[in-house]
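Student: I have not seen this structure before. Please take me through how its features are read, one at a time.

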Amino acid sequence: MLQTIRQWFAPAPSIPLKTESEIQSLYPKFRFRVLESTFLGYTTYYLTRNNFSPVSKEIGEALSYSKTEIGDILAVTAITYGIGKFLMGALSDRSNPRKFMAVGLFLTAILNFSFGFANHYWIHLFLWGANGLVQGMGWPPCGRSLGHWYSVRERGTTFAFWNIAHNIGGGLVGVVASHSAAQLGWQYAFFVPGVIALIGSVYLYIRLVDTPQSEGLPPVEVYRNDYPPEEKENHESELTTKQLIVDQVLFNKYIWLFAIINFFVYIIRYSLIDWGPTYLKETKGADLLGGGYSTLILEFGGIGSTILMGWVSDKFDGRRGMVSLLCIIPIFFAFLGILWNPPGSIWIDYLLFGLIGLFIYPPVMLLGVAGMDFTSKKAVGTAAGFIGLFGSLGRTAQGKGLAILATEYSWDVALGAILVSTLIAIFLLVFSWNLRPRG
C-alpha cells in the first residue's frame with residue numbers, strides 16, 4: 001500500500017525533448033501556467049488556514065472558550081504547520097507537485113468541514129492541528145515548481161509577484177470568514193472556504209505540471225543560459241534524503257541564519273493576523289466585520305511593496321537580507337503608533353495595520369527566496385520547509401505568548417513583546433546585509 005502511494009506521488013518522468021521551435025513556443029506558456037496555478041492554489045490554501053482568527057472571539061463566546069484555549073488552538077496549528085512544512089518539504093522534493101499540492105488542498109477542505117460541524121474544544125484542537133499539518137503541503141511544491149521553471153537571476157522578481165498570493169488569500173479570508181459568520185453563523189467561516197478548496201483541488205490537479213523535462217522541454221538553466229554559481233555541471237543531479245536534509249539544510253549556516261530571523265519575522269506578521277481582530281474589538285471598539293477588514297488591510301498593504309522589493313533585491317545582486325532589514329525598521333515605529341493610539345481613532349489603527357503589511361511581506365518573501373539562493377534547486381522544498389518551520393515556531397510563540405500576556409497583564413504588555421521581537425529581527429538582519437546568492 002505504501003509503495004503504491006509512493007509510486008503515485010512520484011515525480012513525472014522525463015519525455016523526449018521537443019523540437020527547438022516547439023520549445024520556444026511552449027516554454028513561456030508552461031511558465032505562465034505554473035505561475036498561475038501555484039498562485040491561485042496557494043491563495044486558496046490561505047482561505048482554509050487563517051479563517052479561525054477572524055471569528056475566534058465569536059467561537060469563544062458561542063462555545064465558552066477562554067482566551068487561553070483560543071491561544072492553544074492557534075499555537076497547535078502553528079506547531080503542526082511548521083512540522084508539516086519541513087516534513088512535507090522533504091517529501092515534495094521527491095514528489096509530483098501537481099498531485100502533492102492538490103491532495104493537500106483536498107485534505108484541508110475536509111478538515112475545515114469537520115471543524116465547522118464540531119463543537120467540542122479537544123476535537124477542535126485536534127482538527128486544527130491536523131489542518132496545520134496538511135497545510136504544509138502548500139508552499140513546498142510551489143517552491144519546487146517555481147524553482148524548476150524560473151532561473152536564479154529572475155527569482156526575486158518572480159517570487160515577489162507570486163508571493164502576493166499570501167496577501168490576496170490572507171486578505172480575502174478575513175472578509176470571507178467574517179461575512180460568512182455574520183450572515184450564517186461561525187460554522188460557515190469554515191464551510192464556505194472548504195467548498196472553495198475542493199474546487200481548487202480539482203483545478204490544481206488539472207492545471208499544474210511537474211518539471212520542464214516532464215513536458216519534453218530542457219531545464220530552465222539551459223533555456224535561459226542562467227546557471228546557479230558553481231552548478232553548471234550538476235544542476236539537475238537528484239539528491240538523496242541525507243543530502244537534502246543534512247548537507248543542504250542542517251549543515252548550512254546560511255539556512256540557519258535565515259530560519260532564526262524568520263522566527264521573529266513571523267512573530268511580527270502573525271501577531272496582527274492571529275490577534276489583530278480580537279485586539280481591535282477589545283480595545284478600540286471594532287465589530288466583527290471591522291475586525292475582519294483589519295486583516296484585509298494588513299494583507300493588501302503588502303502587495304505592491306512585495307513586488308517592488310523583490311525586483312530591488314534582484315537589482316542589488318540578490319541581497320535579500322539588506323532589503324529585509326530596511327523594511328523591518330519602519331515596522332517598529334508602526335507598532336509604537338498602535339500602542340499609543342487611543343480608542344476612538346480606529347482609522348489610525350487601520351492605517352498602521354496597512355503600513356505594517358506594506359513592510360512585513362517583503363521580508364516574509366525574501367527570506368524564503370534567500371533560502372533558495374543558498375541551496376540546490378533540488379532541495380528547495382526542504383530548505384523552504386526548514387525556514388518555514390522556524391516561522392511557525394515564531395507563530396506558536398506569539399499565539400500562546402500573547403494570549404498569556406494579554407490575559408495576565410494587558411494588551412500593552414503584549415504589544416511590548418512584539419516590539420522586542422522586532423528589535424531582535426533588526427539585529428539579526430544586520431548579519432545578512434552583504435549576503436548574496438552562492439558564489
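Predicted model: local features only at pLDDT ≥ 70, side-chain atom pairs only at ≥ 80, totals over all residues.

Student: Where is glycine 399 found, and is glycine 399 buried or exposed?

Tutor: Helices (H or I, at least four residues) and strands (E, at least two) are DSSP runs, numbered from the N terminus. Glycine 399 is found in helix H18, residues 380–408. Buried means under 20% relative accessible area, exposed over 50%, and partly exposed in between, with a 1.4 Å probe and protein chains only. Glycine 399 counts as buried because its relative accessibility is 0%.

Student: How many helices and strands does the protein have?

Tutor: The secondary structure comes to 19 helices and 0 strands. Of the 439 residues in the protein, 62% are buried. Among contacts with a separation of 6 or more, 87% are between residues 24 or more positions apart.

Student: Which residues does the annotation "transmembrane region" cover?

Tutor: UniProt positions are given in the numbering used here, feature names are shortened, and annotations may be inferred rather than shown by experiment. The unreviewed UniProt entry gives "transmembrane region" for residues 100–123, 186–206, 254–272, 292–311, 323–340, 346–367, 379–397 and 409–431. Two of these ranges can be set against the model. Over residues 186–206 the chain is 90% helix and 0% strand, with end C-alpha atoms 32 Å apart. Over residues 346–367 the chain is 100% helix and 0% strand, and the end C-alpha atoms are 32 Å apart.

Student: At what angle do the axes of H5 and H9 cross?

Tutor: Axes are lines fitted to C-alpha atoms, for helices over the stretch in contact, and angles run from 0 to 180 degrees between N-to-C directions. The axes of H5 (residues 97–117) and H9 (residues 188–207) cross at roughly 165° and come within 8 Å. Angles under 35 degrees count as roughly parallel, over 145 as roughly antiparallel, 65 to 115 as roughly perpendicular and the rest as oblique. H5 and H9 are therefore roughly antiparallel to each other. A crossing is left-handed if the near helix is turned anticlockwise from the far one by less than a right angle, and right-handed if clockwise. The crossing of H5 and H9 is left-handed. Residues making the contact include Ala102, Leu105 and Ala109 of H5 and Phe191, Gly194 and Leu198 of H9.

Student: How do the residues of that contact divide by class?

Tutor: Ala, Val, Leu, Ile, Met, Phe, Trp, Tyr, Cys and Pro count as nonpolar, Asp, Glu, Lys and Arg as charged, and the others, Gly among them, as polar. The contact of H5 with H9 has 15 nonpolar, 5 polar and 2 charged residues.

Student: How do H2 and H9 pack?

Tutor: The axes of H2 and H9 are 9 Å apart, at an angle of about 160°. H2 and H9 are therefore roughly antiparallel to each other. H2 passes H9 in a left-handed crossing. The contact includes Leu40, Gly41 and Thr44 of H2 and Pro193, Ile196 and Ala197 of H9. By class, its residues are 8 nonpolar, 3 polar and 3 charged.

Student: Where is threonine 48 found, and which residues is threonine 48 in contact with?

Tutor: Threonine 48 is found in the loop between helix H2 (20–47) and helix H3 (56–63). At 0% relative accessibility, threonine 48 counts as buried. Leaving aside neighbours within four places in sequence, its contacts include Asn112, Pro193, Gly194 and Ala197.

Student: Is serine 64 buried or exposed?

Tutor: Serine 64 counts as exposed, with a relative accessibility of 63%. Serine 64 is found in the loop between H3 and helix H4 (67–92). Its phi is near 60°, a positive value in a residue other than glycine.

Technical notes
Residues numbered from 1 in each chain as written. Heavy atoms only, no water. Contact = heavy atoms within 4.5 Å.
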